[in-house]
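Student: I have the model open and would like to go through the terms used to describe it. Can we take them one at a time?

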Amino acid sequence: MSTETVASPHSSVSTHILDTSIGRPAEGVAISLSARSGPAAEWQQLGGSATDADGRCKDLPALPEGTTHVRLDFETETYFEKKKQAEAQQDAPALRDSGVFFPEVAITFAVAPGEHYHVPLLLNPFGYSVYRGS
């Protein structure tokens, strides 16, 4: 019986969100994961989850073999609406806008077999940034 570890041909994805306007994790943001097997292939929704109290989403499904592109869709509108309601209850100054500027954020990236991709989202009401984390 061999004790060698064989690398999985499947890639995996994780993410977390930091609300940079308050310096805290963004809790309760719904995220959906889609994949495709080439630039011309149709997107296949694989599943989704929501960020926890730490702003992390650790339970996204593994990517199917042959995946070349991944898309993470972050449903930010509900998060910002809840945040505005909480601020209004605390008599905080009104936001500059009455609407949500980024109601969703979609991030698409290329993947290679067997790699793990951690894609953090740094979010605020009027901008965002993403990067490949570790």
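Predicted model: local features only at pLDDT ≥ 70, side-chain atom pairs only at ≥ 80, totals over all residues.

Tutor: The side chains of K83 and D19 meet in a salt bridge, with 2.9 Å from N to O.

Student: Why is the contact between K83 and D19 called a salt bridge?

Tutor: The cut-off is a Lys or Arg side-chain nitrogen within 4 Å of a carboxyl oxygen of Asp or Glu. The N to O distance for K83 and D19 is 2.9 Å, so the pair meets the definition.

Student: Are K83 and D19 buried or exposed?

Tutor: Buried means under 20% relative accessible area. K83 is at 14%, so K83 counts as buried. D19 is at 0%, so D19 counts as buried too.

Student: How many salt bridges does the structure hold?

Tutor: The structure holds 3. One of them joins R71 and D73, with the closest N and O atoms 3.1 Å apart. Another joins E115 and R132, where the closest N and O atoms are 3.3 Å apart. E115 and R132 link distant parts of the chain: E115 sits in the loop between strand 7 and strand 8 (116-118), and R132 in the segment after strand 10 (127-130), 17 residues apart.

Student: What makes R71, E115 and R132 partly exposed?

Tutor: Partly exposed is the range between the buried limit of under 20% and the exposed limit of over 50%. R71 has a relative accessible area of 22%, E115 has 36%, and R132 has 48%. Each value falls between the limits, so the label applies.

Student: Which residues form the negative surface patch, and what makes it negative?

Tutor: The patch is formed by E27, D52, D54 and D59. D59 is found in the loop between strand 5 (56-57) and strand 6 (69-75). The relative accessible area of D59 is 53%, so D59 is exposed.

Student: Is G23 buried or exposed, and where is G23 found?

Tutor: G23 is found in the loop between strand 1 and strand 2 (24-25). At 56% relative accessibility, G23 counts as exposed, because the exposed label needs over 50%. G23 and L122 are 99 residues apart in sequence and 9.8 Å apart in space, C-alpha to C-alpha.

Student: What about V119: buried or exposed?

Tutor: V119 is buried, because its relative accessible area is 7% and the limit is under 20%. The place of V119 is in the loop between strand 8 and strand 9 (121-124). The C-alpha atoms of V119 and F109 are separated by 9.5 Å, and these residues are 10 apart along the chain.

Student: Why is strand 6 described as largely enclosed?

Tutor: Of its 7 residues, 5 are buried, so strand 6 is largely enclosed by the rest of the structure. Strand 3 is mostly covered, with 6 of its 7 residues buried. For the protein chain of 134 residues, buried residues make up 37%.

Student: How do you know that strand 3 and strand 6 pair?

Tutor: Pairing needs at least two bridges. Strand 3 (residues 30-36) and strand 6 are joined by 7 bridges, so the two count as paired. They run antiparallel, and R36 stands opposite H69 in strand 6.

Student: Which other pairings involve strand 3 or strand 6?

Tutor: Strand 6 and strand 7 (residues 105-110) pair in the antiparallel sense over 6 bridges. D73 stands opposite A106 in strand 7, and F74 stands opposite V105. Strand 3 and strand 4 (residues 44-50) also pair in the antiparallel sense, over 6 bridges. The bridge partner of A30 in strand 4 is A50.

Student: How many helices and strands does the protein chain have, and how do the elements run?

Tutor: The chain has 1 helix and 10 strands. From the N terminus on, the elements run β-β-β-β-β-β-α-β-β-β-β.

Definitions and conventions. Residues numbered from 1 in each chain as written. Heavy atoms only, no water. Patch = residues over 30% accessible without salt bridge, like charges linked within 9 Å, V, L, I, M, F, W, Y side chains within 5 Å. Areas by Shrake-Rupley, 256 points an atom, 1.4 Å probe, with all protein chains shown as cover. Lys, Arg positive; Asp, Glu negative; His and termini not counted. Charge placed at Lys NZ, Arg CZ, Asp CG, Glu CD. Helix = DSSP H or I, 4+ residues; strand = E, 2+ residues; numbered from the N terminus. Buried < 20%, exposed > 50% of the residue type's maximum accessible area, 1.4 Å probe, protein only.
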